[in-house]
Amino acid sequence: MQTAFRGKHFITLQEWTKEEIDTLLEVSFDLKKKFAMGQRTRYLEDQTVFLMFFEQSTRTRNSMEAGITQLGGHAHYLDTSTMQISHGEVPKDTAIILSRYGHAIACRNCFWEQGNKYLREMAKWSRVPIINMQCDLYHPLQGLADLMTMQEKLGNLERKKVSIIWAYATTHKKPISVPLTQALLFPRYAMDVTLAYPEGYDLPDWAITQARANAEAGGGTFTITHDMDEAYRGADVVIPKNWGSWVTNPSSQVVDDLLQSYKHWKCTEEKMQLANKNCIYMHALPADRNNEVEDAVIDGPQSVVFDEAENRLHTAKAVMALTMGGR
Ligand code: CP
């Protein structure tokens with residue numbers, strides 16, 4: 001088990017070894033048990049985490065805020081439109097100042113080809129850990145909660161088939177950071193990962209190359225298909241979720257002809273019949289109900305979405321406890 005995490009940036013799980021991720025999971029399970037038992041876990045007494053949001057959030061904001069309170073610290077919620085960032089203050093200056101005031105800076109910035117660069121720039125100058133609350137490329141807090149949920153539900157993940165499946169949605173042009181994080185992470189746990197999407201919704205080539213290398217090193221497999229049924233067939237876990245065509249079309253327009261031609265990419269009870277009997281349905285949420293998924297599935301017995309969302313709290317606490325505290 002790794003024991004030295006204090007000050008480590010949490011921008012992508014790809015920069016954390018499997019041993020380090022295993023420790024994050026062990027701490028998450030421990031914190032979950034203590035939360036259930038009503039035990040105090042004031043590991044970060046009097047510590048401050050700044051939560052900078054360029055976009056909206058329900059789970060990430062509240063799991064981080066409730067989490068730091070339960071750890072004995074405090075969060076400052078920062079809507080970046082109310083900061084001097086809106087007058088052009090650069091990430092270097094913001095990071096230097098906030099890191100002199102507190103103990104971690106967490107940030108959500110999903111602007112395409114800008115978000116991850118923004119976090120990297122802050123990490124260059126910050127004295128305290130930078131925690132990625134989702135950028136254009138990665139959502140490591142979500143990936144960690146997903147991994148925890150699959151371990152809870154399935155036990156050993158080796159050679160389990162998990163399918164990351166594109167789904168139709170119209171709410172907003174969603175980032176690729178959730179499927180990209182899952183595609184990189186799950187093969188490291190020896191899972192058989194299928195990435196299914198219609199033409200035009202590709203992930204970046206470098207991510208696919210890395211996912212294949214992770215599968216090779218981790219003992220899993222990584223397969224791409226444009227056949228939705230192939231992804232559902234025999235799956236132990238399905239994660240049907242929308243993402244935008246950012247790689248092939250960086251426009252932020254939400255609905256276009258390409259999107260409208262794939263309305264049938266929906267998770268239905270009929271599709272779930274193709275999967276294994278005990279297959280679980282996961283979604284990072286928010287879900288675009290009746291576009292991405294039928295109510296009968298997301299509210300049905302195979303759905304674990306609320307356990308998955310709850311695990312955002314326990315994993316967020318583990319990330320903060322280890323990177324802000326510890327040794
Ligand atoms: N899954 C997730 O990150 O949810 P929010 O956008 O509500 O934070």
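This is a predicted model: local features need pLDDT of at least 70, side-chain atom pairs count only at pLDDT 80 or more; totals for chains, interfaces and linings use all residues.
Trainee: Let's begin with the overall layout. Into which domains is the chain divided?

Mentor: There are two entries in the assignment: domain 1 (13–139 + 311–325) and domain 2 (142–308). Taken over C-alpha atoms, the centres of domain 1 and domain 2 are separated by 25 Å. Domain 1 puts 26 residues into the contact and domain 2 puts in 30 residues.

Trainee: How should I read the nonpolar core, and which residues touch the most other members?

Mentor: In soluble globular proteins, nonpolar side chains tend to be buried together. Here the largest nonpolar core has 102 residues, and Val49, Met52, Met64 and Phe186 touch the most other members. Helix α12 (residues 305–324) gives the most to this core, namely eight residues. Both domain 1 and domain 2 supply at least three residues each to this core.

Trainee: Could we zoom in on Val49? Which residues does Val49 touch, not counting those up to four places away in sequence?

Mentor: With those neighbours set aside, Val49 touches Met64, Ile68, His74, Ala75, His76, Ala104, Ala106, Met320 and Met324.

Trainee: And Gln47: is that residue buried or exposed?

Mentor: Gln47 has a relative accessible area of 11%, so it counts as buried. You will find Gln47 in the loop between α1 (18–36) and β1. Apart from neighbours within four places in sequence, Gln47 is in contact with Ile68, Gly73, His74, His103 and Met324.

Trainee: Next, the aromatic residues. What describes a pair of aromatic rings?

Mentor: Two things: the distance of the centres and the angle of the planes. The count in this model comes to twelve aromatic pairs. One of them is Phe54 with Phe111, an edge-to-face pair at 6.3 Å centre to centre with 85 degrees between the planes. Phe54 lies in the loop between β1 (48–53) and α2 (59–70), while Phe111 lies in the loop between β3 (104–109) and α4 (115–125), so the pair links distant parts of the chain, 57 residues apart. Phe111 is partly exposed, with a relative accessible area of 40%.

Trainee: What about the tryptophans? How are the rings of Trp166 and Trp265 arranged?

Mentor: Their centres are 6.2 Å apart and their planes stand at 75 degrees, so Trp166 and Trp265 make an edge-to-face pair. This pair also links distant parts of the chain, with Trp166 in strand β5 (residues 161–166) and Trp265 in the loop between α9 (257–260) and α10 (269–272), 99 residues apart. Trp166 and Trp265 are both buried. Ring pairs link Trp166, Tyr201, Tyr262 and Trp265 into a cluster.

Trainee: Which ring does the charged end of Lys92 sit over?

Mentor: The ring of Trp125, with the charged end of Lys92 at 4.1 Å from its centre. Have a look at Lys173 too: Lys173 lies over the face of Trp246, 4.6 Å from the ring centre.

Trainee: Now a strand. How many residues of β6 are buried?

Mentor: In a regular strand the side chains alternate between the two faces of the sheet. For strand β6 (residues 192–196), five of the five residues are buried, so the strand is largely enclosed by the rest of the structure. Asp192, Thr194 and Ala196 are buried on one side, and Val193 and Leu195 are buried on the other, which leaves both faces of β6 covered. β5 and β6 run parallel and are joined by five bridges. Ser163 stands opposite Thr194 in β6.

Trainee: And helix α6: how many of its residues are buried?

Mentor: Nine of the nine residues in helix α6 (residues 177–185) are buried, so α6 is largely enclosed by the rest of the structure. Among them are Ser177, Pro179, Thr181 and Gln182.

Trainee: Finally, the backbone. Where is there a cis peptide bond?

Mentor: Most residues other than glycine have a negative phi, and most peptide bonds are trans. In this model the bond from Leu285 to Pro286 is cis, with omega near 5 degrees. Leu285 also has a positive phi, near 65 degrees, though it is a residue other than glycine. Leu285 sits in the loop between β9 and α11, and at 16% relative accessibility Leu285 counts as buried. Arg159 is not a glycine either, yet its phi is positive at about 60 degrees. Look for Arg159 in the loop between α5 (140–154) and β5.

Notes: Residues are numbered from 1 along each chain as its sequence is written. Side-chain values use heavy atoms; hydrogens and water are left out. A nonpolar core is a set of buried Ala, Val, Leu, Ile, Met, Phe, Trp, Tyr and Cys residues joined through side-chain atoms within 4.5 Å. Buried means under 20% relative accessible area, exposed over 50%, partly exposed in between (1.4 Å probe, protein chains only). Helices (H or I, at least four residues) and strands (E, at least two) are DSSP runs, numbered from the N terminus. Domain bounds come from an automatic or database domain assignment. Contact means heavy atoms within 4.5 Å. Rings of Phe, Tyr and Trp (its six-membered ring) pair if their centres lie within 6.5 Å; planes under 30 degrees apart count as stacked, over 60 as edge-to-face and the rest as tilted. A charge sits over a ring if NZ of Lys or CZ of Arg is within 6 Å of the ring centre and within 35 degrees of the ring normal. Two strands pair if DSSP finds at least two bridges between them.
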